[in-house]
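Let's take a quick tour of a protein model, starting with its surface and ending at a single residue.

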Amino acid sequence: SAGLQYASLNWPVENGWNNYNSLQLLTYFITVFIAAPLAIITGIRMSGAWPKKAAINKFYPIELARKIHFPVMIYFVAFVIVHVTLVLATGALNNLNHMYAANNDNSWWGFGIFAASIVFTAAAWFLARPLFLRPIASLMGKVSR
């Protein structure tokens with residue numbers, strides 16, 4: 001019934017501070033206990049650090065890891081898009097306050113902390129480029145291009 005409610009765009013209006021509906025619980029369970037471990041296990045297998053001559057490679061070939069990893073990545077992208085859309089469409093200020101400010105009102109504190117975290121993330125992403133990291137890494141030893 002929760003799925004029909006979401007599909008009809010008549011989203012639940014329960015107090016998200018107190019409980020989750022069955023579809024939310026199922027989705028979070030799949031994300032945390034199925035998709036995340038699959039992403040980790042398949043990502044490790046595709047890693048360059050994985051031993052090329054390991055005995056398990058016969059039973060767990062890299063092609064299998066790729067076939068599992070890609071749909072899991074699509075699941076995560078879809079989950080994030082739907083999750084963020086619902087957080088913003090079902091009362092952005094209240095939901096952001098729950099997540100970021102740990103309070104249950106319609107103040108702008110949660111939005112402010114959220115906006116600051118987005119700015120921080122964008123700055124960190126920009127600064128994580130070779131142009132900025134090379135001088136820091138060269139303090140520890142020789143860095144090649």
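The protein chain exposes about 10800 Å², and 72% of that comes from carbon and sulfur atoms. Areas like this come from the Shrake-Rupley method with a 1.4 Å probe, and for residues only the protein chains shown count as cover. Keep in mind that this is a predicted model: local features need pLDDT of at least 70, side-chain atom pairs count only at pLDDT 80 or more, and totals for chains, interfaces and linings use all residues. Residues are numbered from 1 along each chain as its sequence is written, and side-chain values use heavy atoms, with hydrogens and water left out.

**Overall build**
- The protein chain has 6 helices and 0 strands, where helices (H or I, at least four residues) and strands (E, at least two) are DSSP runs numbered from the N terminus.
- With a radius of gyration of 21 Å, well over the 15 Å that the globule rule gives for 145 residues, the protein chain is more spread out than a compact globule; the radius is taken over C-alpha atoms, and the rule is 2.2 Å times the number of residues to the power 0.38.
- Its C-alpha trace spans about 55 × 45 × 20 Å along the principal axes.

**Inside the chain**
- Of the contacts (heavy atoms within 4.5 Å) with a separation of 6 or more, 33% are between residues 24 or more positions apart.

**A look at asparagine 21**
- You'll find asparagine 21 in the loop between helix H1 (2-7) and helix H2 (22-46).
- Asparagine 21 counts as buried because its relative accessibility is 11%.
- A polar atom of the asparagine 21 side chain lies 3.0 Å from the backbone nitrogen of leucine 23.

How values were computed
Buried < 20%, exposed > 50% of the residue type's maximum accessible area, 1.4 Å probe, protein only. Polar contact = N/O pair within 3.5 Å; in protein donor to acceptor, adjacent residues only side chain to side chain.
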